[in-house]
Amino acid sequence: MILGVVGKPNAGKTTFFNAATASNAKVADYPFTTINPNFGTAFATQECVCREFNVKDDPRNSLCIDGIRHIPVKMIDVAGLVPDAWKGRGLGNKFLDDLRQADVLLHIVDASGAHDEEGRPLGRPGMYDPLKDVSFLEVEISRWMFQIISKDWNRFSRRVESERANLIDELTSKLSGLSIRLDHIKKALEKLDLNVDRPTTWSEEELFNFVKELRRIAKPILVVANKIDMPFAEENYKRMLEANINAIPAAALAELALIKYSEKGIIKYIRGSKTFEILEPNKLSGREKKLFDKIRELMEKWGGTGVQKAINKAIFEIGQMIAVYPVEDINKLSDKKGNILPDVFLVRRGTTARKFAGLIHSDLEKTFLYAIDARTKKKLAEDYQLKDRDVIKIVAAGARG
Ligand SMILES: Nc1nc2c(ncn2[C@@H]2O[C@H](COP(=O)(O)OP(=O)(O)OP(=O)(O)O)[C@@H](O)[C@H]2O)c(=O)[nH]1
Ligand SMILES: [Mg+2]
């Protein structure tokens, strides 16, 4: 699972990325600060199962901070997109290409409306309607995908027909580089009334509609109403909700301050918390104290800074992921070395016990016998669909029970 951070220049993408990944990529108040993409590791967070089982855990592939499990996910921050980027405007196409691998897009919007559609400062908030950014970005991504797919469509569709090949399979291999999967393609085709046996007969409009649907399914977008601390942002956010845009209000700059000062040990803040604690007040200047007063007020109002909420929504709801904790010993909840709840894996909702075994180790999928649920101690069959926060042991042939 890879999260892509997108939006027009100056919206706060890199600020959001730096906060999410504790990085120091360059941020500035002019457009196109970011040119080459930044890659980092963000975290999905959830209540760790350690509290429920009342154990002290030894996380290995993740972190557990005060009972909150932090599960790493890759994040990419790209250059700002301007209208007609798909044609190569602004920093153009190469930068869209950096998004090929992304599974869910976080669209960072300057909700205060202080920049025009190209990210140029307009002098003050309230000068631009950020709702326009939402539709623009969808169009931009669809156009870019359409350009890639339509480029050799004639040749591709003729070949599929002459070889009597399966369109879904052929599209799957054609589009795998865009991180588009068979089930995405299937779903998109089901939505539309297209002749799958005669792709050569599809009109350009039909092909574009197919791509639009595919974009919606394979590159879903979560809108982040950023800079919620600024004037006009709240009313614009409310207008987004009225327009049925399921946006998350956020203040990336506030989150970044919390992360930076907690790294220095001056405050205590856990990603996604609704509040924080100042540990070393004498290390803060008067100005910094005022800043944190403001951040506290903002967090009380919005239930946190919104950054982690957006990431979790992107992963668990939009990306349809669940977290599964594999163990060797279902009583001690440990691995072979005695580490308690060492690992947790993000997998797609609907993943079966056998498939999950294969994700841990390809041999395990072949030799899989059954799984055991650590809560109920009951056997789970190979086709059992895992649930979020499941703790399971995989039993395979050749391994000792
Ligand atoms: N008030 C406020 N300012 C923010 C927030 N997030 C980012 N900013 C400011 O917005 C400006 C642009 O931030 P960047 O993170 O560089 O924006 P970007 O979208 O990466 O910009 P490009 O790389 O140029 O496309 C900086 O001055 C940030 O400090 C926020 O939540 N609130
Ligand atoms: Mg940037």
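Ala, Val, Leu, Ile, Met, Phe, Trp, Tyr, Cys and Pro count here as nonpolar, Asp, Glu, Lys and Arg as charged, and the others, Gly among them, as polar. On that basis, the residues of the shell around ligand 1 divide into 11 nonpolar, 8 polar and 5 charged. This is a predicted model, in which local features need pLDDT of at least 70 and side-chain atom pairs count only at pLDDT 80 or more, while totals for chains, interfaces and linings use all residues. Residues are numbered from 1 along each chain as its sequence is written, chains are lettered from A and ligands numbered from 1 in the order in which they are written, and side-chain values use heavy atoms, with hydrogens and water left out.

**Surroundings of ligand 1**

- Ligand 1 is surrounded by 24 residues, of which the closest are Lys 13, Thr 15, Phe 32, Thr 33 and Asp 229; a residue is near a molecule if one of its heavy atoms lies within 4 Å of it.
- Polar contacts are pairs of N or O atoms within 3.5 Å.
- A polar side-chain atom of Asp 229 lies 2.8 Å from a nitrogen atom of ligand 1.
- An N or O atom in the side chain of Lys 227 is 3.0 Å from an oxygen atom of ligand 1, and a backbone N or O atom of Ala 252 lies 3.0 Å from an oxygen atom of the ligand.
- Of the 660 Å² of accessible area that ligand 1 has on its own, the protein covers 91%, with areas taken from the Shrake-Rupley method with a 1.4 Å probe.
- Two or more residues of the shell come from each of α1 (13-21) and α10 (252-263); helices (H or I, at least four residues) and strands (E, at least two) are DSSP runs, numbered from the N terminus.
- Helix α1 gives the largest share of the shell, 3 residues.

- Thr 14 belongs to helix α1 and Thr 34 to the loop between α1 and β2 (38-47), 20 residues apart.
- Thr 14 is buried, with a relative accessible area of 6%, and Thr 34 counts as buried at 8%; buried means under 20% relative accessible area, exposed over 50%, and partly exposed in between.

**Strand pairing**

- Strands β12 (residues 368-373) and β14 (residues 390-396) pair in the antiparallel sense over 5 bridges, pairing being assigned if DSSP finds at least two bridges.
- Within this pair, Tyr 370 has Val 395 in β14 as its bridge partner.
- β12 also runs antiparallel to β13 (residues 379-380), joined by 2 bridges, and Ile 372 is partnered there by Lys 379.
- The hairpin of β12 and β13 has 5 residues between the strands, and Lys 377 in the turn has a positive phi of about 65°.

Conventions: Polar contact = N/O pair within 3.5 Å; in protein donor to acceptor, adjacent residues only side chain to side chain. Buried < 20%, exposed > 50% of the residue type's maximum accessible area, 1.4 Å probe, protein only.
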